[in-house]
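Here's a quick briefing to read alongside the model. Have the viewer open and follow along as we go.

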Amino acid sequence: MDSFAIHTEGITKSFGALKALDSVSLDVARGEIFGLIGPDGAGKTTLFRILTTLMLPDEGRAEVCGFDIIGNPRAIRFRAGYMPGRFSLYPDLTVEENLRFYASLFGGRVSDNFGMVEPVYRQLEPFRNRRAGKLSGGMKQKLALCCALIHKPEILFLDEPTTGVDAVSRSEFWDILSGIKQGGMPIIVSTPYMDEASRCDRIALMNAGRILETGSLDEILSRNDMPVYAVRGENNYRTLQNLRHAAGVRDAVLFGEYIHVFAEERLSASVLAAVSGVAEVKGISPNIEDVFINIMGHGKK
Ligand SMILES: Nc1ncnc2c1ncn2[C@@H]1O[C@H](COP(=O)(O)OP(=O)(O)OP(=O)(O)O)[C@@H](O)[C@H]1O
C-alpha cells in the first residue's frame, strides 16, 4: 500500500440523512496528477477534508503517503499541501505576508523552502506588497498555490483551484501543475470542468458521493464507446423534445448549437434525420462530457 500516494477503501460519510460519500475506493499513484471530476455536491470537498485529516469518515479507511488518516493524522498534515476550494488567503494581508504566515504555520520561514515556490512566486513578485483581497482571480489562485507549497509538502491536494478563473489563467495553472509533477510530487485535484480531464494522468468521475468511473481519459472513453450523433434542429428546443421521445434514442442533451443524441445500436443517422425538426445529423466520437452524462443518466454501477 505504501507504493500509493493515496489509498482509500469504502470511505463513507453522511451529514444527517444525506450520504455525501458512498463507499469511495480509489488509489492515487506516486508522481501522478489525479483528477476528481464531478458537479457541485458530488462530494469532492468532503473527500479532500477526510484525506487531509480535517474530518473523520463514518466508515472505511484511507492512507496518505503510507500513513493512516485516523492513526497518524499529524504525519499527514506535515506532508500534505492543501489548497481549499474557497479563497483561503487573508485578504487584508499582502502577498508577502500571506506567504510568510503560511510558512510560519509549519514552524518555518519562506526562505527555508523558497525554491519550491519560486517559479510561481516570480509571477507574483511585482505585486508582493498588494493586499491579497485586491489581486485578480488568477493571481489569488497562484498565491494560494504558493501558500500550499511553502512547507515543502510531499503531496498536493487542490480543491477546485480553477473554478471561477478565466480560461487563460486556467490553462496557465495547469501548466504550473505539470511543472510541479515533473518534480515527482503527486497531485490530486478536483474540478467541475470536464475539459480539464485531459490534463490529468488519471481521473475519477464522481457524482452524488459515488465514484462512477476511474482510469485514464483514453481508458474511460474507450470503455464507454457508444453511438453518439450531433444533431442540429430547425428549432433546437422543439427538436430536443422530439428526439427525447424518438424510438432508439437513450438520451438527448443540448451542447452549444448541437444536440448530442445517445443512441441505441440499431438507430441510424438516416432514421434520426427523419425525426421531425431535424436539420442536420452527423456521427461523432463521444467526449468525456457525453460519457459522464450517459453514465449519470442511466445510473450505471
Ligand atoms: N458540513 C456539512 N453539513 C451538511 N451537509 C454537508 C456538509 N458538507 C457537505 N455537505 C453536503 O454534502 C454534499 C457533498 O458536498 P461537497 O462539498 O463535498 O461536494 P463538492 O463536490 O465539493 O461540491 P461543491 O463544489 O458544491 O463543494 C453536498 O450535498 C453538501 O451540501
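Which residues in helix 5 are buried? They are K140, Q141, K142, L143, A144, L145, C146, C147, A148 and L149. Buried here means that 20 or more other C-beta atoms lie within 10 Å of a residue's own, while exposed means 12 or fewer and partly exposed is in between, with C-beta atoms placed from the backbone. Bear in mind that this is a predicted model: local features need pLDDT of at least 70, side-chain atom pairs count only at pLDDT 80 or more, and totals for chains, interfaces and linings use all residues. Numbering starts from 1 along each chain as its sequence is written.

**Overall layout**

- The protein has 10 helices and 14 strands; these are DSSP runs numbered from the N terminus, with helices being H or I of at least four residues and strands being E of at least two.
- Two domains make up the division: domain 1 covers 4–222 and domain 2 covers 226–284, with bounds that come from an automatic or database domain assignment.
- The centres of domain 1 and domain 2, taken over C-alpha atoms, sit 39 Å apart.
- Along its principal axes, the C-alpha trace spans about 70 × 45 × 35 Å.
- Of the 301 residues, 38% count as buried.
- Among contacts between residues at least 6 apart in sequence, 70% join residues at least 24 apart; a contact means C-beta atoms, placed from the backbone, within 7 Å.

- Helix 5 is largely enclosed by the rest of the structure, because 10 of its 13 residues are buried.
- Its cover includes strand 6 (80–83), helix 3 (95–105), helix 4 (114–124), strand 7 (155–159) and helix 6 (167–182).
- The length checks out: at 1.5 Å a residue, the 13 residues of helix 5 should span 18 Å, and the end C-alpha atoms are 19 Å apart, which agrees. The expected span is 1.5 Å times one less than the number of residues.
- The largest nonpolar core holds 68 residues, of which L51, V64, L143, C146, C147, F157 and I187 touch the most other members. Helix 5 (residues 137–149) gives the most to this core, with seven residues.
- Apart from that core lies another, of 13 residues, among them Y229, V261, A263 and V278. A nonpolar core is a set of buried Ala, Val, Leu, Ile, Met, Phe, Trp, Tyr and Cys residues joined through C-beta atoms within 7 Å.
- Leaving aside neighbours within four places in sequence, F157 is in contact with F48, L51, T52, A80, G81, Y82, M83 and I188.

**Around the ligand**

- The shell around the ligand consists of F15, L18, A20, G38, D40, G41, A42, G43, K44, T45, T46 and E160; a residue is near a molecule if its C-beta atom, placed from the backbone, lies within 6 Å of it.
- Strand 2 (18–29) and helix 1 (44–51) each supply at least two shell residues, and helix 1 gives the largest share, three residues.
- By class, the shell has four nonpolar, five polar and three charged residues. Ala, Val, Leu, Ile, Met, Phe, Trp, Tyr, Cys and Pro count as nonpolar, Asp, Glu, Lys and Arg as charged, and the others, Gly among them, as polar.
- E160 sits in the loop between strand 7 and helix 6. It is buried, with 21 other C-beta atoms within 10 Å, and has a positive phi of about 45° although it is not a glycine.

- Look for C65 in the loop between strand 4 (59–64) and strand 5 (67–68); with 19 C-beta neighbours inside 10 Å, it counts as partly exposed.
- I6 belongs to strand 1 (residues 4–15) and counts as buried because it has 22 C-beta neighbours inside 10 Å. Not counting residues up to four places away in sequence, I6 touches D27, V28, L51, V64 and I188.
- V110 lies in the loop between helix 3 and helix 4 and is partly exposed, with 17 C-beta neighbours inside 10 Å. Beyond its neighbours within four places in sequence, V110 is in contact with L99, R100, A103 and I150.

Terms used:
Contact = placed C-beta atoms within 7 Å.
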